[in-house]
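Please have the structure at hand while reading.

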Amino acid sequence: MKKIKHSEITPENIYKKRRSFVKKLGFGASALAVSSFPLISNASSKDRNELTSYKDITTYNNYYEFGTSKGDPHRNSKMFKTHPWNISIEGEVDKPIKLSMEEILDSFLSEERVYRLRCVEGWSMVIPWMGFSLSKLLSKVNPTSKAKFVAFESIYDPDQMKGQKYPVLNWPYKEGLRIDEAMHPLTTVVTGLYGKKLPNQNGAPLRIFIPWKYGFKSAKAIVKIKLVEKMPMSSWMWASPREYGFYSNVNPNVNHPRWSQATERIIGEGIWAPRVKTLMFNGYGDQVANLYTGMDLKKFF
Ligand SMILES: Nc1nc2c(c(=O)[nH]1)N[C@H]1C(S)=C(S)[C@@H](COP(=O)(O)O)O[C@H]1N2
Ligand SMILES: [Mo]
């Protein structure tokens, strides 16, 4: 029998083996389509939709509760307690509920969802998330007609999260979506990645992911989802309203006040690799552009 070197048994290799097995069985056509996308920029050596490595996804993070350098979340979140964990869904709803993480995992089947993450800082990754549509979770509580927006709140625990001892943001981390954005099938409750449970540095045990918006909209370690009538204030709007708007749709035509958003660096390609063109709505325009018909996206950035 062929000996497998320990270094070969990465989550990525196991995941890729499982994937090719699934393909052989004739399933996973949508997953297949992802890897056969045409090259967008011939300047890039790599397909912009090629999966980012597990190592890059789990060591190059933004998670200010654990520090502001990219390596901090990986280093400082190892002891973070994600059990027990409860999520409260409240506000403008008929039936407010509290669900444990176990109840969520039992009630909603997580599926593989390969989406690109485009950070407002100008880099991107392609991540094989595990999760399900947020709309499924929200349908449990019956939003009232006053529910116009959804506010997300991350955990507040400065003893475990040293970053919260510094007023970089107004803790806990807060984000928000318009109700139709929250109900869109692409808006995902993330429970894992690369077929494994979500690593702490990526937002365990549960985070949101909105593929067509800048990465900061996708709050990690969520404990509260509140349906509200008025547009909620996000932590980044609080920190700098001129730089971070409520919508924050990926948009190569609207620059950040301090830098261009026209291109991006694909993580894993090396710092000398040419940047690729950023796509409107991060490439998901065919599915989400209709949410913004008639809106001036320069004004509502
Ligand atoms: N609670 C919380 N959520 C957060 C952040 C954060 O600092 N705290 N950073 C955001 C930013 S700027 C990005 S780009 C993504 C990064 O997700 P990843 O580390 O899983 O790639 O998480 C977002 N969610
Ligand atoms: Mo980001």
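Reader: On what conventions do the values rest?
Author: Residues are numbered from 1 along each chain as its sequence is written, while chains are lettered from A and ligands numbered from 1 in the order in which they are written. The model is predicted, local features need pLDDT of at least 70, side-chain atom pairs count only at pLDDT 80 or more, and totals for chains, interfaces and linings use all residues; side-chain values use heavy atoms, with hydrogens and water left out.

Reader: Which side-chain atom lies 2.7 Å from an oxygen atom of ligand 1?
Author: Polar contacts are pairs of N or O atoms within 3.5 Å. For an oxygen atom of ligand 1, a polar side-chain atom of Asn 61 is at 2.8 Å, and one of Arg 207 is at 3.0 Å. The distance of 2.7 Å belongs to an N or O atom in the side chain of Lys 220.

Reader: What percentage of the area of ligand 1 does the protein bury?
Author: Accessible areas come from the Shrake-Rupley method with a 1.4 Å probe. Ligand 1 taken alone exposes 540 Å², and the share of this that the protein buries is 98%.

Reader: Which pocket does ligand 1 take up, and what is its volume?
Author: A pocket is an open set of points on a 1 Å grid over the protein atoms alone, where a 1.4 Å probe fits, with protein on both sides within 12 Å along at least five of seven lines; lining residues have an atom within 4 Å of a point. A molecule sits in a pocket if more than half of its atoms lie within 2 Å of its grid points. The space taken by ligand 1 is the second largest pocket, and its volume, the space filled by probe spheres set on the points, is about 500 Å³.

Reader: Which strand gives the largest share of the lining of the second largest pocket?
Author: Strands are DSSP runs (E, at least two residues). Among the 30 lining residues, Asn 62, Cys 119, Tyr 173, Gly 215 and Phe 216 are the closest to the centre of the pocket. The largest share, four residues, comes from strand β4 (residues 123–133).

Conventions
A polar contact is a pair of N or O atoms within 3.5 Å; within protein, one must be able to donate a hydrogen and the other to accept it, and residues adjacent in sequence count only if both atoms are side-chain atoms.
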